Amino acid sequence: MTSPLAITKSIRVRATREYAFSFFTLNPIKWWPPTYTIGSAPMQKVVMEPHPGGRWFEIGSDGSECQWGNVLAWEPPARLVLAWRIGMNWKFDPALLTEVEVTFRDVGGGETEVRIVHSKFENYGPDAGKALQIFDGWSSILERFAAIAEGRTPQ
């Protein structure tokens with residue numbers, strides 16, 4: 001069940017769901033917006049360790065690591081759930097839990113629907129409404145993902 005405070009976005013990608021899942025999880029540095037970073041050095045890599053309990057983090061050009069959260073579910077090629085543990089101060093907070101569920105559904109014709117539900121914003125407490133606005137960049141992230149996955153230049 002989706003929490004009452006959630007962001008839901010989806011996009012169709014001209015790709016099989018196996019390819020979409022692999023590209024999303026194995027190559028996030030290729031599609032993740034480079035300005036969406038919490039590190040002090042330019043982001044060089046984004047890592048999703050491919051198993052429940054794995055870390056989700058960025059690596060800066062200076063070798064520093066900034067954790068974003070962790071992997072809660074890894075079900076290729078259908079579903080991925082990530083714990084988003086970034087506070088309103090743009091720092092990793094291991095006590096905070098919001099969830100980013102990404103599903104990959106074959107819609108026929110060589111296309112896959114990629115759907116993101118970022119939920120549990122109530123865990124930000126009195127800042128929940130503000131957090132919903134601040135972290136609602138998923139449409140542009142999905143558009144960038146789809147363009148690059150399809151071999152197009154992102155807008």
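Entry 1, pockets. I took a pocket as an open set of points on a 1 Å grid over the protein atoms alone, where a 1.4 Å probe fits and protein lies on both sides within 12 Å along at least five of seven lines; lining residues have an atom within 4 Å of a point. The model is predicted, so I kept to its limits: local features need pLDDT of at least 70, side-chain atom pairs count only at pLDDT 80 or more, and totals for chains, interfaces and linings use all residues. Residues are numbered from 1 along each chain as its sequence is written, and side-chain values use heavy atoms, with hydrogens and water left out.

I looked up the second largest pocket and found its lining to be I11, S140, E143, R144, A146, A147, R152, T153, P154 and Q155. Its volume is about 150 Å³, where a volume is the space filled by probe spheres set on the points, and grid points are joined across faces, edges and corners. Helix α4 (residues 138-149) gives the most to this lining, five residues. Helices (H or I, at least four residues) and strands (E, at least two) are DSSP runs, numbered from the N terminus. I sorted the lining of the second largest pocket into four nonpolar, three polar and three charged residues. In that sorting Ala, Val, Leu, Ile, Met, Phe, Trp, Tyr, Cys and Pro are nonpolar, Asp, Glu, Lys and Arg charged, and the others, Gly among them, polar.

I then went to the largest pocket, with a volume of about 180 Å³. It has 14 lining residues, and W32, Y36, W84, W90 and F135 lie nearest its centre. The lining of the largest pocket splits into eleven nonpolar, two polar and one charged.

The largest nonpolar core has 40 residues, and F24, W32, L80, W84, V114 and F145 have the most contacts inside it. Such a core is a set of buried Ala, Val, Leu, Ile, Met, Phe, Trp, Tyr and Cys residues joined through side-chain atoms within 4.5 Å. Buried means under 20% relative accessible area, exposed over 50%, and partly exposed in between (1.4 Å probe, protein chains only). The largest share of this core, six residues, comes from α4. I listed the contacts (heavy atoms within 4.5 Å) of W32. Leaving aside neighbours within four places in sequence, W32 touches M43, V46, W68, W84, W138, I141 and R144.

Most residues other than glycine have a negative phi, and most peptide bonds are trans. I therefore noted W90, which is not a glycine but has a positive phi of about 60°, and which is partly exposed at a relative accessible area of 38%. W90 is in the loop between β5 and β6 (98-108). K120 is likewise not a glycine and has a positive phi of about 70°. K120 sits in the loop between β7 (111-119) and α3 (128-134) and is partly exposed, at 27%. The peptide bond from P76 to P77 is cis, with omega near -5°, and P77 is in the loop between β4 (65-75) and β5 (79-84).

K45 has I59 of β3 as its bridge partner. Six residues lie between the two strands, and in this hairpin G53 takes a positive phi near 95°.

How values were computed. Two strands pair if DSSP finds at least two bridges between them.
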